[in-house]
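This report goes through one protein chain by region. Please keep the sequence and the model open while reading.

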Amino acid sequence: MQKMTYKAIGLGLVLALTGCSAFRVYTIDLPQGTPLSAAQANQIQVGMNANQVLYLLGSPALRDTLAPNRWDYIYDHTAGTDGKRQKKSDIKNASQYLSIHFNNQGIVTRIDGRDSLPDTRH
């Protein structure tokens, strides 16, 4: 009977400690894509060629094979343990994006999404 009591107490302690936030598993910050600022996006102008865009912004996160004349720079961020302690907010569903459209000669014709970018990098 005494063994059963110890097992019940042990089981109760294990269940109580698993719900305690002090014993959570450490998670890392999970950035995905290219973090861009509005200042970087403003450097891109209609009439630039693809190499100039590549030099200023780096490789795009998405190059769609069905729309090869469009480059998409998207950014998502999920705060991990440290990010949550620093009160960093999550950026979800590609809410920060920049789409650059080129003509067949590789010249920028349109830029979308500048207003979705923050003033400074995340």
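## Overall make-up

The model is predicted. The protein chain has four helices and five strands. Read from the N terminus, the order of these elements is α-β-α-α-β-β-α-β-β.

The protein chain holds 122 residues, of which 27% are buried. Taking the contacts between residues at least 6 apart in sequence, 56% join residues at least 24 apart.

## Strand pairing around strand 3

Strand 3 covers residues 70-78. Strand 1, residues 30-33, pairs with strand 3 in the antiparallel sense, over four bridges. Within this pairing, G33 stands opposite Y75 of strand 3.

Strand 2, made of residues 62-63, also pairs with strand 3 in the antiparallel sense, here over two bridges. L62 of this pairing stands opposite D72 in strand 3. Strand 2 and strand 3 form a hairpin, and six residues lie between them. As for rings facing rings, the count of aromatic pairs is one.

## The nonpolar core

In soluble globular proteins, nonpolar side chains tend to be buried together. The largest nonpolar core in this model has 15 residues. V53, L57, Y73, L98 and I100 are the members with the most contacts inside this core. Two or more residues each come from helix 3 (50-57), strand 3, strand 4 and strand 5 (108-112).

V53 gives a view of the surroundings of one core member. Leaving out residues up to four places away in sequence, V53 touches I44, G58, W71, Y73, I100, F102 and V108. Y73 and I100, two of these partners, are themselves listed with V53 among the residues with the most contacts inside the core.

## S99 in strand 4

S99 belongs to strand 4, which spans residues 91-102. With a relative accessible area of 5%, S99 is under the 20% limit and therefore counts as buried. The side chain of S99 makes a polar contact with the side chain of D72, at 2.5 Å.

Beyond residues up to four places away in sequence, the contacts of S99 are with R70, W71, D72, R110, I111 and D112.

## V46 in a loop

V46 is in the loop between helix 2 (38-42) and helix 3. Its relative accessibility is 56%, which is over the 50% limit, so V46 counts as exposed. Not counting residues up to four places away in sequence, V46 touches V108, T109 and I111. The C-alpha atom of V46 is separated by 9.1 Å from that of F102, 56 residues apart along the chain. F102 and V108 are both among the residues that V53 touches.

## L30 in strand 1

L30 lies in strand 1. At 41% relative accessibility, between the 20% and 50% limits, L30 therefore counts as partly exposed. L30 touches D76, H77 and T78, with residues up to four places away in sequence left out. Computed along the sequence, L30 and H77 are 47 residues apart, while their C-alpha atoms are 5.6 Å apart in space.

A79 lies in the loop between strand 3 and helix 4. A relative accessibility of 5% puts A79 in the buried class. Ten residues along the chain separate A79 from S89, and the C-alpha atoms of the two are 6.7 Å apart.

G83 is located in helix 4, residues 81-85. Is G83 buried or exposed? G83 counts as buried because its relative accessibility is 0%. Apart from neighbours within four places in sequence, G83 is in contact with D29 and K88. The C-alpha atoms of G83 and I28 are separated by 8.1 Å, with the two residues 55 apart along the chain.

Definitions and conventions: Residues are numbered from 1 along each chain as its sequence is written. This is a predicted model: local features need pLDDT of at least 70, side-chain atom pairs count only at pLDDT 80 or more; totals for chains, interfaces and linings use all residues. Side-chain values use heavy atoms; hydrogens and water are left out. Buried means under 20% relative accessible area, exposed over 50%, partly exposed in between (1.4 Å probe, protein chains only). A polar contact is a pair of N or O atoms within 3.5 Å; within protein, one must be able to donate a hydrogen and the other to accept it, and residues adjacent in sequence count only if both atoms are side-chain atoms. Contact means heavy atoms within 4.5 Å. A nonpolar core is a set of buried Ala, Val, Leu, Ile, Met, Phe, Trp, Tyr and Cys residues joined through side-chain atoms within 4.5 Å. Two strands pair if DSSP finds at least two bridges between them. Rings of Phe, Tyr and Trp (its six-membered ring) pair if their centres lie within 6.5 Å; planes under 30 degrees apart count as stacked, over 60 as edge-to-face and the rest as tilted.
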